[in-house]
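Hello,

Please find the structure below, with the sequence. My notes on it follow.

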Amino acid sequence: MKILVPIKRVVDYNVRVRPTTDHTAVEISNAKMSMNPFDEIAVEEAIRLKEAGIASEVVVASFGVKQCQETIRTALAMGADRGIHVETDVELQPLSVAKLLKAIVDKENPGLVILGKQAIDDDANQTGQMLASLLNWGQGTFACGIKVESETVVVTREIDGGTQTLSLKLPAVITTDLRLNEPRYAKLPDIMKAKKKPLESFNPEDLSVDITPRLKLLEVTEPPKREGGVIVDDVAALLDKLRNEAKVI
Amino acid sequence: MSVLVIADHNNSVLNVATLSTITAAGQLSGDVDVLVAGKNCQAVADSAAKISGVKRVLICDSDICEAQLAENIAPLVHQLAEKYSYVLSAATTTGKNLLPRIAALLDVAQISDIISIESEDTFKRPFYAGNVIATVQSTDSKKVITVRATAFSAAVSTDTAAPIEAIAAPVESALSKLVSEELTKSERPELTAADIVISGGRGLGNKENFKIIEALADCLGAAIGASRAAVDAGFVPNDFQVGQTGKIVAPKLYIAVGISGAIQHLAGMKDSQVIVAINKDADAPIFQATDYGIVGDLFKIVPELIEALNNA
């Protein structure tokens with residue numbers, strides 16, 4: 001079984017972003033970029049399924065600017081077999097990404113697509129569900145456990161009340177939550193080897209996908225700042241503040 | 001201009017997050033219908049019908065809807081959506097799972113986790129764990145939206161009931177089926193609806209020590225939350241996690257105990273009315289987000305706090 005893992009290049013999770021001075025975008029021109037952490041978990045899971053003899057090939061795909069190829073190389077260094085890059089400078093929104101992914105799935109025929117449940121930049125949490133919808137496949141979102149069986153995959157999901165286990169007919173789409181696994185670090189020899197792994201590049205027109213954004217970003221602002229707090233000396237002072245100043249207990 | 005709100009429920013009780021979603025829906029249109037899809041879910045439909053602002057309740061009571069699998073519910077909503085300008089749901093795990101599947105069927109963008117409605121097509125939503133707030137305008141004719149419940153007040157229950165109409169069940173997809181559910185049982189208030197939340201972090205050290213958080217929560221009738229570190233370390237189950245990718249809470253009082261305050265955690269609680277932090281590290285970033293802080297050993301301060309509250 002082939003596994004397709006879509007990955008997104010995002011601002012590193014340690015970077016605190018700000019709006020640009022004209023408030024039309026997020027200032028990311030000099031920010032450190034990394035693979036979306038949830039997608040790293042997806043890559044790790046796919047590689048583990050290959051190591052367990054369940055998957056035969058792990059293909060990673062990333063869409064966007066030229067530098068997405070660096071993110072693909074990172075996944076190849078972790079152990080993925082081959083990469084697909086769809087290059088465009090257009091801002092890609094989840095619906096467009098899902099349509100591009102559907103076109104890749106139609107070419108590659110994977111048995112499973114595993115991807116992060118959300119990207120930590122736009123926090124949309126949509127792409128996996130949209131892809132499953134376009135393909136008319138089952139979806140296992142927010143996965144914390146995956147067990148592949150012959151015709152099905154059993155997915156345990158993190159939900160608001162606890163966890164839920166679903167059985168999905170294969171092929172299926174799975175989105176990863178934080179506790180599915182802990183991704184490995186690529187070793188130096190693997191980073192060198194990854195440079196020689198195959199990486200195909202397309203543009204959206206090759207795939208006949210319309211990627212026109214449907215949402216316009218009108219303004220980006222900072223959230224309201226909290227008034228500076230105070231450090232109190234002891235429990236008595238804290239309770240006094242909570243009772244008499246904040247009046248919350 | 002009418003709105004379809006997808007009710008979040010467990011076949012017996014309407015989730016309070018849906019009440020906030022109905023408030024958001026009312027800001028878009030005076031014509032708000034609520035869909036209750038489930039099995040033996042009449043009680044949910046009855047309570048939805050009494051919510052202020054609801055014009056009509058659609059109930060789809062069927063074996064096929066029992067587990068509310070997105071693969072079954074999305075085609076049902078897709079069909080209904082023809083008559084509506086907006087499809088809304090709370091940004092709960094159920095809503096987040098379902099709505100993008102509907103948006104793709106409708107070939108429209110989804111606007112996730114909105115915190116305000118600026119006009120009929122323009123909304124505010126957080127990006128980057130809430131470090132920036134984006135104002136986005138939808139160019140689609142239909143709008144599929146998930147609503148951050150803490151950003152809208154809960155619609156109230158009234159004495160009059162809107163009509164309830166039964167609708168036909170969808171065709172079963174056969175793509176997925178429910179195997180089991182492990183739900184956390186608790187006598188405490190629900191985390192996202194509680195007036196007071198006490199959260200513990202890595203500073204607690206182990207699962208045994210987390211009991212002092214429970215003791216403090218019991219003194220105050222509070223819900224319990226946790227940072228990602230505490231969940232990853234197995235101190236508490238996943239559904240306790242507050243943060244960018246966990247639950248968003250905005251109680252009257254949030255007490256963070258032994259939590260350093262990573263931006264991903266702050267994203268889930270910074271809209272709380274009053275924030276208190278107890279941490280031994282005076283430089284911990286959590287203190288920049290708090291109204292009142294105590295620097296010191298939580299294993300000394302929390303028991304003192306419990307004692308003072310019990311003696312009050």
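**Notes on the predicted model**

G203(B) is in contact with G258(B), L298(B) and F299(B), leaving aside residues up to four places away in sequence. This is a predicted model, so please read every value below as computed from it. G203(B) itself sits in the loop between strand 12 (196–200) and helix 5 (211–220) of chain B. With a relative accessible area of 35%, G203(B) is partly exposed.

In chain A, T175(A) belongs to strand 12. T175(A) is buried, at 1% relative accessibility. Residues up to four places away in sequence aside, T175(A) touches L115(A), G116(A), K117(A), G128(A), Q129(A), G140(A), T141(A), F142(A) and A143(A).

**The two chains together**

The interface of chain A and chain B buries about 6,800 Å², and carbon and sulfur atoms account for 55% of that. On the chain A side, D160(A), R214(A) and R226(A) lose the most area to chain B, together 11% of what that side buries. The contact involves 74 residues of chain A and 81 residues of chain B.

Five salt bridges are found across this interface. R226(A) forms a salt bridge with D291(B), where the closest N and O atoms are 2.9 Å apart. R214(A) forms a salt bridge with D107(B), at 3.2 Å from N to O. R214(A) is in the loop between strand 13 (199–202) and strand 14 (215–221) of chain A, while D107(B) is in the loop between helix 4 (93–106) and strand 5 (110–114) of chain B, so this pair joins two chains. What are the burial states of the two partners? R214(A) has a relative accessible area of 17% and is buried, because the cut-off for that class is under 20%. D107(B), at 34%, is partly exposed.

**Domains of chain B**

Chain B is assigned domain 1 (3–166) and domain 2 (191–311). Eight residues from domain 1 of chain B and ten residues from domain 2 of chain B take part in the contact. The C-alpha centres of the two domains of chain B are 31 Å apart. About 670 Å² is buried between domain 1 and domain 2 of chain B, with 55% of it from carbon and sulfur atoms. Within domain 1 of chain B, A129(B), R148(B) and T150(B) lose the most area to domain 2, together 66% of what that side buries. How many salt bridges are there between domain 1 of chain B and domain 2 of chain B? The count is zero.

**Salt bridges within the chains**

Over all chains, the structure holds 34 salt bridges. One of them pairs R184(A) with E44(A), at 2.8 Å from N to O. R184(A) is in the loop between strand 12 (172–176) and helix 5 of chain A, and E44(A) is in helix 1 (residues 37–51) of chain A, so the pair ties together parts that are 140 residues apart in sequence. Is E44(A) buried or exposed? E44(A) is buried, with a relative accessible area of 2%, whereas R184(A) is partly exposed at 27%.

In chain B, E208(B) and K211(B) form a salt bridge with an N to O distance of 3.4 Å. E208(B) is exposed, at 52% relative accessible area. K211(B) is partly exposed, at 47%.

Chain A also has a network of salt bridges, which links K2(A), E57(A), R82(A), E108(A) and E200(A).

**A surface patch on chain A**

L188(A), I191(A) and M192(A) make up a nonpolar patch on the surface, and their accessible area together is about 290 Å². I191(A) lies in helix 5 (residues 188–194) of chain A. The relative accessible area of I191(A) is 35%, so I191(A) is partly exposed.

Regards

Terms used
Residues are numbered from 1 along each chain as its sequence is written. Chains are lettered from A and ligands numbered from 1 in the order in which they are written. This is a predicted model: local features need pLDDT of at least 70, side-chain atom pairs count only at pLDDT 80 or more; totals for chains, interfaces and linings use all residues. Side-chain values use heavy atoms; hydrogens and water are left out. Patches are made of residues with over 30% relative accessible area and no salt bridge: like charges are joined within 9 Å, nonpolar side chains (Val, Leu, Ile, Met, Phe, Trp, Tyr) within 5 Å. Accessible areas come from the Shrake-Rupley method with a 1.4 Å probe; for residues, only the protein chains shown count as cover. A salt bridge is a side-chain nitrogen of Lys or Arg within 4 Å of a carboxyl oxygen of Asp or Glu. Helices (H or I, at least four residues) and strands (E, at least two) are DSSP runs, numbered from the N terminus. Buried means under 20% relative accessible area, exposed over 50%, partly exposed in between (1.4 Å probe, protein chains only). Domain bounds come from an automatic or database domain assignment. Contact means heavy atoms within 4.5 Å. Buried area is the accessible area (1.4 Å probe) that two parts lose on being put together, summed over both.
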